[in-house]
Amino acid sequence: MTPVAAEAGSIDAHAHALPPADAPLEKVALETYVALAKPSLIGLSRSEIADELGRIGVAAAQRKMRSQQLWHWMYVRGAREFSEMSSISKDMRSELEKHFTVARPEVVAEQISNDGTRKWLLRLPSGTAGEKAHEVECVYIPETDRGTLCVSSQVGCTLTCSFCHTGTQRLVRNLTPGEIVGQIMVARDRLNDWADRETPNGNRLVTNVVMMGMGEPLYNFDAVRDALLIVSDNEGIGISRRRITLSTSGVVPNIKRTGDEIGVMLAISLHAVRDELRNELVPINKKYPLAELLQACRDYPGASNARRITFEYVMLRGVNDSLEDAKLLVKMLKGIHAKINLIPFNPWPGTRYECSDWDQIEKFSEYVFNAGYSSPVRTPRGRDILAACGQLKSETEKLSARERQALRAMAMTD
Ligand code: SAH
Ligand code: SF4
């Protein structure tokens with residue numbers, strides 16, 4: 001197994017000033033991704049596709065038009081083979097076939113809940129030959145007025161939030177833009193949710209995307225940005241930026257860049273209103289404490305009454321769920337275009353936390369609501385498929401990690 005190049009960016013105990021706006025993005029080194037011999041065009045920008053076409057000898061004058069055609073077939077029609085792309089000449093199709101694919105991540109398992117929630121286990125190539133394949137989960141949650149897909153940005157996570165099971169997983173690697181876009185492609189494939197000739201503009205099932213699966217999206221900024229720009233491109237998948245939410249534990253230097261370069265809705269994993277407690281629950285707080293995080297939220301490009309920032313708050317019994325906490329929360333969010341999402345804690349084996357009592361969650365929620373914030377409590381979805389997974393859970397620790405991740409993802413999505 002390839003050793004992990006560097007562990008979770010070591011978090012120093014002292015807060016420091018914000019770097020200048022042109023400072024390089026904060027990143028952590030992970031295992032490398034080894035490109036496939038025959039690469040998939042999924043996840044490349046239009047100009048990258050044109051460059052690839054140039055590499056296989058397509059004349060410069062044709063590249064733009066060809067990449068537009070490919071874009072349409074891949075992202076509007078969901079073509080899985082070049083042979084389906086009937087507006088492209090046969091010769092060109094077979095040339096493309098020789099060098100590229102339009103492959104998405106391989107689906108190794110699918111589970112469908114009674115409430116319509118679906119969960120896919122996806123297999124991704126590992127860093128080196130012989131190494132076990134990497135896996136991530138992707139969850140689809142249908143509701144009456146929308147269908148939300150919960151997407152992962154990394155295999156595992158380098159951060160170690162004490163209530164999160166992903167945080168206990170061994171770090172593996174960043175996903176590529178193709179693997180992030182690929183999760184949406186897989187969902188549309190499996191749900192039969194591509195535009196066809198009969199319903200070119202028909203209602204789609206996947207209407208919203210939340211970057212709330214495995215991993216810290218702002219520690220894989222470039223890939224997440226490139227992927228979300230493809231997902232929101234209105235000549236392709238066409239999910240508007242207002243329907244895409246990126247959740248971060250608080251990688252402050254990359255928050256402004258998220259607004260400037262991606263322009264999606266922002267969610268903050270707040271979970272505590274005092275630095276002392278947040279240092280324990282969300283240790284990145286030691287590096288970027290509450291005052292800096294909240295300032296970044298005040299400054300978030302594009303935030304407004306109509307485009308509020310979501311503050312996620314997991315309800316942990318006797319830890320962060322007192323009325324004092326609720327009061328401080330309301331005080332702290334003053335002046336920020338905010339909404340609050342209270343999440344019942346999903347316990348996992350070996351955790352030291354418990355979910356708050358229901359009446360405490362209600363009291364907390366009522367206080368926040370009376371202070372003028374909408375404060376929905378998220379109800380877990382897809383419980384029945386989780387019950388089924390619970391049987392697998394005892395077999396391997398790895399599976400149990402994934403099941404926990406899915407449970408969390410389902411509870412998280414609104
Ligand atoms: N890494 C990013 C995005 C993925 S986590 C982040 O932390 O924001 C999505 C949300 O699930 C986060 O708010 C996270 O704090 C929350 N979460 C993690 N473990 C949980 C658990 N066991 N129960 C409930 N919510 C949890
Ligand atoms: Fe990573 Fe988010 Fe879990 Fe924290 S809550 S360990 S940042 S996935």
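First, the conventions. The model is predicted, so local features need pLDDT of at least 70 and side-chain atom pairs count only at pLDDT 80 or more, while totals for chains, interfaces and linings use all residues. Residues are numbered from 1 along each chain as its sequence is written, chains are lettered from A and ligands numbered from 1 in the order in which they are written, and side-chain values use heavy atoms, with hydrogens and water left out.

Now the overall picture. The protein has 12 helices and 11 strands; these are DSSP runs numbered from the N terminus, helices being H or I with at least four residues and strands E with at least two. Of its 414 residues, 54% count as buried, meaning under 20% relative accessible area with a 1.4 Å probe, protein chains only. Among contacts with a separation of 6 or more, 69% are between residues 24 or more positions apart; contact means heavy atoms within 4.5 Å.

Next, the cores. A nonpolar core is a set of buried Ala, Val, Leu, Ile, Met, Phe, Trp, Tyr and Cys residues joined through side-chain atoms within 4.5 Å. The largest has 102 residues, and those with the most contacts inside it are Leu70, Phe163, Phe311 and Leu333. Helix 5, residues 221–231, gives the most to this core, with 7 residues. A second, separate core of 6 residues includes Val139, Ile141, Cys150 and Met212. Back to Phe311: beyond its neighbours within four places in sequence, its contacts include Ile268, Leu294, Leu333 and Ile340.

Two single residues now. Met211 is in strand 7, residues 208–211, and counts as buried because its relative accessibility is 2%. Met211 and Ser153 are 58 residues apart in sequence, yet 7.1 Å apart in space, C-alpha to C-alpha. Not counting residues up to four places away in sequence, Met211 touches Ser153, Ile180, Val224 and Leu246, among others.

Ser113 lies in the loop between strand 1 (106–112) and strand 2 (118–124). Why does Ser113 count as buried? Its relative accessibility is 4%. The side chains of Ser113 and Asp115 are joined by a polar contact of 2.7 Å, that is, a pair of N or O atoms within 3.5 Å, one able to donate a hydrogen and the other to accept it; residues adjacent in sequence count only if both atoms are side-chain atoms.

Last, ligand 2. Around it are Cys157, Leu159, Cys161, Cys164, Gly167 and Ser249, each with a heavy atom within 4 Å.

Definitions and conventions:
Buried means under 20% relative accessible area, exposed over 50%, partly exposed in between (1.4 Å probe, protein chains only).
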